[in-house]
Amino acid sequence: MIIGTAGHIDHGKSTLVRALTGVDTDRLPEEKRRGISIELGYAFLDTPGGERIGFIDVPGHERLVHTMVAGASGIDMALLLVAADDGPMPQTLEHLAVLSLLGIARGWVAITKADRVDADRVAAVRAEVAALLAPTPLAGAPIVAVSAHTGEGVDALKAMLLEAPGADQESAANPLDANKAFRLAIDRSFTLPGTGTVVTGTVHAGQVRVGDELALLPTASAQPTPTRARSLHAQNRAVDSAHAGQRCAVALPNIAKDQATRGQWLCDPAVALQTQRLDMRLALWHGEAKALRSGARVLAHIGAAQVAASVTLLDVDPLAPGGTAFAQLLLQAPVAAWHGERVLLRDAAASRTLAGGTVLDPFAPTRYRRTPQRLSELRALTQPGAAERLAALLAVAPFGVDLARFAVAQGLAAVPADALPVGTLTQAGQALGATQIAAFETEVLAALQAFHERQPDELGPDSARLRRLAAPRLAVSLWQGLLARLASGGRITLRGAVAHLPAHGAQLSAQETRIAQKVAPALAAAGFEGAWARDLAQGAGESEPLVRITLARLARRGELHQAVKDLYYPQAAMARLAAIARQVGAAHGGDVLAAQFRDATGLGRKRAIQILEYFDRIGLTRRVGDLHRLRADSLLFCEERAA
């Protein structure tokens, strides 16, 4: 558990921490000379149960709010200090705004220097502080009068701190959150003789062990710098592992000191990301005098980083003081950020704190960011646990969820299969919700019915063509899973790459079977030229109308191909022609010219064009000017090619 101090300069933050822990957090010579905190200070307090509480002591000067925010971004609880003689001062108010906008809801208030004033003054300050806390998440926080000089109230305050629960209740309630990968916000780096570069910071999520592979980011190259944990100190002790809620120092081999700076992160390589555009839930401080409008220039604090940015409001514009909205931040430099990371916004001049909130999506879109669909996705991402967020997202995502992308954005090592809602279709790392499955199945059946009505002599479209007709934006892997689901349920029939409704592939009658057997040798002998229905009827000595009906029925069953009216090819011959078309296309960047195909097959120009136009119709190729361009996603005749 990490407790962060807050309060106006010279209100006794460092002095009280020293009284509680015995540690002087002012370590720099300049701090000791001037008697004020300039940098973040750290101290620790052992509990009776053997645990160790960490303290981050922050500077109180108005020009060092950025340093205060760097320390406060990773704390669990706050200790707000107000001097009894001064009462609340400007930085008391701004630090309270920072804590509130960062969502810190657990903490205490210490009225310091109580020995300098009488009881009435302490009571007046207590009432004033309680009124300030009332509209904030810290409303009702215990208020203790203390004096580090006399020891008054220090033991009582220490007892409260030691009794505070430190368990992550959200992770306990949401097992998927326990799968969070390690990430640490770096707020300090230095070198030690014999050890090399060491970075320190607060572990925001997950666990790290000595020897673990790690990633350092963001970087100018946009590629994370690989490293590993050579050794660890957690809560100022040498350890083999460290976890969320601890102050941690990590020794990094092969990393120069200037490679690791405040504002960067160490994380599990599985969740390494950096972004310059993120969507968030934003709250404007209730004490602001003016509404916030889209286009506002701000300084964004994320982790220990401070980056210039602009704000785009997505569902409310302008945003009134005290209000909340979905917003997108466009950052002028890359940052690392995951769902749930706290964000604080100050004005561009760094003179006051404006707003704060949490990251919802570090992979924010550049287009369609205000559409009802996008806003419904952002609402889904506001759910309290990762499992609930995934379920809500699956319920509204029209084309499914990329589980790997979701896991990285959420900071999760992986999404276990048992974390998915019942009825979810999963395929190759993609997931589709039950509502969307039902909608797409309806689209597929309707598309097949329409296809059969338009082209009754064809068995059906190949799966790639059917996808273009019914679900062109659905991921290929999910599409294949959807077809398999429909086929296993008997709602469609798959014959090789071709799909059709079960009723469309009718059985042959005894007469049709006899005629089919009689014309089969002539069809096989026709080769690339194909066989005309009239010639087949004459050769078999059968009625031409009956032969035409039989040939059409065979084509509907996928056993023959009707390239043009009454011209038929057996499956084997058409598969060889398709293979030649693919070979010609492969040699010419995917494009097939009629002349090239003619030469490769030995056909006349007219017949070559007829075959290529047939390939256009069934989806093996598509016409682009005088070219017939191979469709990369077409699976037609692939089974024959593999055989």
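Student: What makes both faces of strand 5 count as covered?

Tutor: In this predicted model, Gly 107, Val 109 and Ile 111 on one side of strand 5 are buried, and so are Trp 108, Ala 110 and Thr 112 on the other. Buried means under 20% relative accessible area, and six of the six residues in strand 5 (107–112) are buried.

Student: How do you know that strand 4 and strand 5 pair?

Tutor: Pairing takes at least two bridges between two strands. Six bridges join strand 4 (residues 77–83) to strand 5, and the two run parallel, so they count as paired. Within this pairing, Leu 80 has Val 109 of strand 5 as its bridge partner. Between these strands the chain passes through helix 4 (residues 90–101), and the β-α-β crossover is right-handed.

Student: And what makes strand 6 a partner of strand 5?

Tutor: Three bridges link strand 5 with strand 6 (residues 143–145) in the parallel sense, and at least two are needed. Here Val 109 stands opposite Ile 143. Strand 5, helix 5 (residues 119–133) and strand 6 form a right-handed β-α-β unit.

Student: Which residues have the most contacts inside the largest nonpolar core?

Tutor: They are Met 68, Ile 75, Leu 99 and Leu 133, in a core of 35 residues. Helix 4 gives the largest share, five residues. To belong to a nonpolar core, buried residues such as Met or Leu must be joined through side-chain atoms within 4.5 Å.

Student: Which residues does Met 68 contact, leaving aside its neighbours within four places in sequence?

Tutor: Met 68 is in contact with Ala 6, Val 58, Pro 59, His 95, Val 98 and Leu 99. A second, separate core has 26 residues, including Leu 459, Val 498, Ala 608 and Ile 611.

Student: Why is Asn 236 called exposed?

Tutor: Asn 236 has a relative accessible area of 56%. Exposed means over 50%, so Asn 236 is on the exposed side of that cut-off. Asn 236 lies in the loop between strand 12 (231–234) and strand 13 (237–239), and its phi is near 70°, a positive value in a residue other than glycine.

Student: How do you know that Asn 254 counts as exposed?

Tutor: The relative accessibility of Asn 254 is 76%, and the cut-off is over 50%, so Asn 254 counts as exposed. Asn 254 has a positive phi of about 65° although it is not a glycine.

Conventions. Residues numbered from 1 in each chain as written. Predicted model: local features only at pLDDT ≥ 70, side-chain atom pairs only at ≥ 80, totals over all residues. Heavy atoms only, no water. Buried < 20%, exposed > 50% of the residue type's maximum accessible area, 1.4 Å probe, protein only. Helix = DSSP H or I, 4+ residues; strand = E, 2+ residues; numbered from the N terminus. Right-handed = clockwise from strand over helix to strand, strands pointing away. Contact = heavy atoms within 4.5 Å.
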